[in-house]
Amino acid sequence: MTTSLLTTDARTKKRNAAEKRFKAYGLGAICIAMVSLVFLLGSVLSSGLGAFQQTYIALDVQLPEARLDKSGTRDLEVMSKVTTIGYAPILRDALVAQVAALGLTTDLSDKDVGKMISKEAAATVRNRVLANPELVGTTVRFDLLASGRIDGYFKGRVTAESAALDQNTSPEALVLAQELKDAGVIETKFNWNFFVLPDASDQRPEAAGLGVAILGSLYMMAVVLCLALPIGVASSIYLEEFAPRNRWTDLIEVNISNLAAVPSIVFGILGLAIFINFMELNQSSPLVGGLVLTLMTLPTIIISTRAALKSVPPSIRDAALGVGASKMQSVFHHVLPLAAPGILTGTIIGLAQALGETAPLLLIGMVAFVREYPAAYTSESGLFGEAATALPVQVYNWTQRSDPAFFERAFAAVITLLVFLLIMNAVAIYLRRKFERRW
Amino acid sequence: MQSLTPLLLVITGLAVAGYFIAKSRAMKVAGGDIRTLVSLPRQHALNTVLSTSVPALAAILLISLYLRLTGGQGSWFFGFVVIGLAVTGFATSLIGIKQDRRARTLAERWILGLLIFASTIAIMTTVGIVFSMLFETYNFFGQYDWRNFFFSTTWSPNFRGNSDLGILPLLWGTLYISFIALAFAVPIGLFAAIYLSEYAGPRMRSVAKPAIEVLAGIPTIVYGLFALFIVGPALRDYFAEPMGLGQSASSVMTAGLVMGIMLIPFVSSLSDDIINAVPQSMRDGSLGLGATKSETIRQVVIPAALPGVIGAVLLAASRAIGETMIVVLGAGAAARLSLNPFEAMTTVTVKIVSQLTGDTDFASPETLVAFALGLTLFVITLGLNVFALFIVRRYREQYE
Amino acid sequence: MQDNKITARNVQVYYGDNQAIKDVNVDIADKTVTAFIGPSGCGKSTFLRCLNRMNDTIDICRVEGDIRIDGEDIYDPKVDPVQLRAKVGMVFQKPNPFPKSIYDNVAYGPKIHGLARNKAELDEIVEKSLRKAALWNEAKDRLAAPGTGLSGGQQQRLCIARAIATSPEVLLMDEPCSALDPIATAQVEELIDELRQSFSVVIVTHSMQQAARVSQKTAFFHLGNLVEYDETDKIFTNPEDPRTESYISGRIG
C-alpha cells in the first residue's frame, strides 16, 4: 500500500488540475469585475471630458445706439425693451465683418454665418450692455459662445458627413470655422462656465451648465447633514447605550436594517405623499429633497454610528461611572468623543450615497427645468424652499434631450459628481486612517 | 409655515434667557459657593433650557399634525397653548432651583426623552411609507378593479380614461432583468470573494478589494448612463442586430448586464463576510485530510456558508428588483411579455417614475396606480429582506 | 526497538522574523505513541504541523531542515502536500466535524482520495473507521444525522475516524483532549492506545499525566528547543536535563 511521496499519482494530478481550474475561475471573476470598472470609468471619461472645453468666438462687436437705445437716454427700462432678437443681428454682422476682414470667402449666406454663434451669445451681450449702458455706441471685444455644432466639430462629434444631413449647420460652416480657428478668431478654452451657468434650453446645449444643480445638491447636503447626523447619533446612542433589550427595541433594530434595504424610489413616494401632498411643502425644493434623502441616509448613519459606539471598550464607560459620572455623562463626555471619527466617517459615506441618489428626487419634482439660482432663504418659500435641481437629476435630464451635445454634458456632469464623491470618500478614508485606534 | 417663526423666536428667546437666569440664580442660592449645590449651575441652566423648549416644540409638532389631519386653521388659541407651555417650563424650573435640587437628573430625563424620540423616527418612516402608500392604493382600488391590476396582462395607460393597468408585464420585466443581473453577478461576485479570501496574496487583495468596492460607490445614475450610451448600443450592434433579435438599444439584456456589474461588489462583499465567518478549524480539518484548497472550498466552506450565501443572494435580488435608474435609462418603456432578452421591456420602478413625473392628477387611476405599484414593490422587497436578514442572522449566530 | 518512521534533522521554523523552532532533531518510531510536551508557546504544535506540512497554509511560515518519512524528504519540491497529508493524518485541538452527516464526514477523505471503487466499499471503509474510533455502536443508527449534533467527545472520535478513513500511516494529534471532559478524555486516550497497533501516533499535549498514560516516548520542548527526548518512563522518573525536571515537577510552565 505504501507508495512513494516523490511520485505524483494520476489521481492527484487530476485533482491538482481541478484546483488550477478553480483558481482560474476566481481570477477570471476578479478580472471581469476589474475590466468592468475600467471600462465604465474609461467610457465615462472619454465621453465626458470634451465638455470641459468650450469653443468661443472672439469678436469686436459694435454696439450701435440706433438699435440698442433709440431714445439715447440710457434709460434701462427703455433699453430692456430690446430683446435678444434685437441683439442677434448685431453679433451676426460682427462675425460677417470679421470674416470679410480676414479675407475669407465662403458660400454661406450671412444668416448661416450667424448660426455659428450660439443663441445664448445674444443674451450674454444683452446682459453686459444692460449692466453697463455706457457700452452702447462703442466697440467692445466679446468672447462669444460658438454654437453647439461648431463646438462639436472641434471635439470630433460633428463631421462633414453629419453636418450635410443637419439643418443647423453645413459642411461649409465647418470649413469656415476651421479657417477662423486658424486665424485665431475661434478658440477652445477651459469651460469654467460649465460649473456656474444654469441649465439651458434644448436649442443651446453649449450654454448649459451645472450651476443650479450644484447649488441644489449643496443645499440638500446641508439639510441632510443638519438632520441626519443629530438624529442618527441620538438614536444610535439610545439604542446602543440606554435601550433595554425588549420587543420594542428589537422592532426598531429590525426596522432599521430593513429600511436600509428599502428601494430608494419608495422614499420618493413617501416624500411625494407626506412632504408634498400632506405637509404641502414646495415641489422641487431642496428642503423636500433633503428631507427625503435624510430619511434614506438615516439607517446608514445609525448602523455605522452604532458600530463606532460598540467599538469603544466598556472599560471606558466603567472608568467614567467609577468616578461618579452619570450614565449620560459617561456617554457624552467619554464614549461619544472616542467614537467621533467613526461616526464622521459613516456620515460622510452616508452623505456621498445621498449625493448620488436620483430616483426619489425624480418623484418630488426635481426634474423641473430650473434656470433661476435658488436662494437659501426667501420669505415666501422659506428655508431652502425655492425650486432647484440636483447633480444626478441634471444628468438624467440631459439624457432626455434630443441634441447629442447634451449627452456629452451628461457624462461631464457624471465626472463632476464622481469627483465630488471621490473627495468625500478620500476624506473619509483619511479620517479613518488618521484616527484609527486599536484597543 | 410662516406663522411658526414668531413662536419659534419666542421659545428660543425664553430658552436663552432661562439659561443665564438659571445660572445666576443657582449661584445666588449657593451663596457664591457652588460646593453647597447638589447640581452644578450649568446643569440647572440646561434643565431650564430643556424644560422651556422641549414641551413647547413637541406641542407645535402635535398641533401642526392635528391641523393638517383635520384641515383646520391655526389660531391664537394654539399659539397661547405653546407659549403657555414654554412659560410654565421656564418658570417652574427657575422657581425650583434650590441647593438640594437634582437638576442633572432632571436634565438627563429630558435628554433621554429626546434620544428616544430620535430612535422612533426610523419607525415613523416605515409607518409613513406604509400609510402613504396604503391610503393612495386604497383610493386606486376604489377606481380600478384589483383583479385587473393583479391579473391583467396588458399595461396601456390612457389619460383619457379606459386604461389597462395590469401589473403582470411590469413584474415580468422586473423579474427577467433581475434574473439576468443575478445570473451575471452571483457567480462573479462569489468567485471573486472566494479568490480574494482564500487565494489572493496581500498585494492582490490590497488592489482588487478597493477596486471592487469602488464599483459599489458609483451612483446608479452613472450605471444608467453607461447602459444608455455605451452598453446598449454595443449590444445592439454586435449581438442583437447580427443575430436578428431586435433593433433596440434599450433591452432587458442591457439593463440586466449593467445591473449585474452594479451587484458584483454587493454579492462579493457579503459573501466575503460570510466565507470569513466559517471557522479556520473547518478548513484545517479538510486540508489535514489531504484535500486540496478547491475541494475544501467546494465541499466544506461553501456548504457551511450556504445559508449565508443564499441570504446574500436574496438581498441582492431585492436590490435588483428595487433598482430604478439603470432600468429607467437602460430597459425601455414598453410593457411587454416576451422571452427575447434583446427586446425593450419595462419594470415596476420605471412605471412608478413615469406615472408620477410630469403633470400628475391625484384623482386619476393612471397616477394612483403608481402607489399600488410602489406598495407591491415594497411588499416584495420587504419580504425578501426580512427573510434574507433572518437567514443571515441565524447563520452568524451559528458560528459565534 | 522498532524502525524509525519519521526522522527530523536540524529543523528550524520561522514565523516572519521570529524563530519558533530551533534546531530540532528527533526520530519517531513506527507503531508507537510519541508525546510532545512543554509549556504553551514552546513550539510543540508548530513542530507537529511541520510533519504534514500544515504550516504551508500560513503565509509567513518558513520551514528549514530535513524531515523524512520512510526516508523520503517531505519538503522535496516533487512532493505534493495533498498526497502527504493523506499519508499523515491529523486531528485537531477543537473537534471540527464538517457540517455534514456523520457518514459524509467519514467518507470525505476516501472520496477525495478515490479510495473506494463503489458504494459498498465506501460503506465498509466508513464502518471500519468508525469501529476503530470506537464510535460505531453509538453512531450506526444515526449515520445520516449531522456530525455537529454529537457530543464533544463523540465529535472528537468522529474526527479521529475521519482521519483514519484515509488509511494514513502516521496520525498527528494536536491536544486532542483539551476541549473534552474527563470521561470523553478517557475514551479518547483508550482509543489512542488501540490505534498504536496500526499507526505511528504523535500527540501534542499540555497534560503531563496524559503523556505519561498514553505514550511510550516523550519529547520535552522548551522555548523552541527540543530539550530532552527519551522513553516516557525515563523522562518522568529520571530526567537528565534540569529544565525537564523543573517542568515535570511543576516549577516552570
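In this predicted model, the contact between chain A and chain C draws on twelve residues from chain A and 17 residues from chain C. The size of an interface is often given as the accessible area lost when the parts come together. Between chain A and chain C, the buried area comes to about 1300 Å², and carbon and sulfur atoms give 48% of that area. On the side of chain A, L5(A), L6(A) and R15(A) together supply 53% of the area that this chain buries against chain C, which is more than any other three residues supply.

The residues of chain A that touch chain C divide into two nonpolar, seven polar and three charged.

Turning to the annotations, the UniProt record, an unreviewed entry, lists "domain: ABC transmembrane type-1" for residues 171–388 of chain B. For chain C, the UniProt annotation "domain: ABC transporter", also from an unreviewed entry, covers residues 6–248. The table sets out the computed secondary structure of each stretch, together with the separation of its end C-alpha atoms.

| Stretch | Helix | Strand | End C-alpha atoms apart |
|---|---|---|---|
| Residues 171–388 of chain B | 78% helix | 0% strand | 21 Å |
| Residues 6–248 of chain C | 37% helix | 27% strand | 26 Å |

Definitions and conventions
Residues are numbered from 1 along each chain as its sequence is written. Chains are lettered from A and ligands numbered from 1 in the order in which they are written. This is a predicted model: local features need pLDDT of at least 70, side-chain atom pairs count only at pLDDT 80 or more; totals for chains, interfaces and linings use all residues. Side-chain values use heavy atoms; hydrogens and water are left out. Contact means heavy atoms within 4.5 Å. Buried area is the accessible area (1.4 Å probe) that two parts lose on being put together, summed over both. Ala, Val, Leu, Ile, Met, Phe, Trp, Tyr, Cys and Pro count as nonpolar, Asp, Glu, Lys and Arg as charged, and the others, Gly among them, as polar. UniProt positions are given in the numbering used here, feature names are shortened, and annotations may be inferred rather than shown by experiment. Helices (H or I, at least four residues) and strands (E, at least two) are DSSP runs, numbered from the N terminus.
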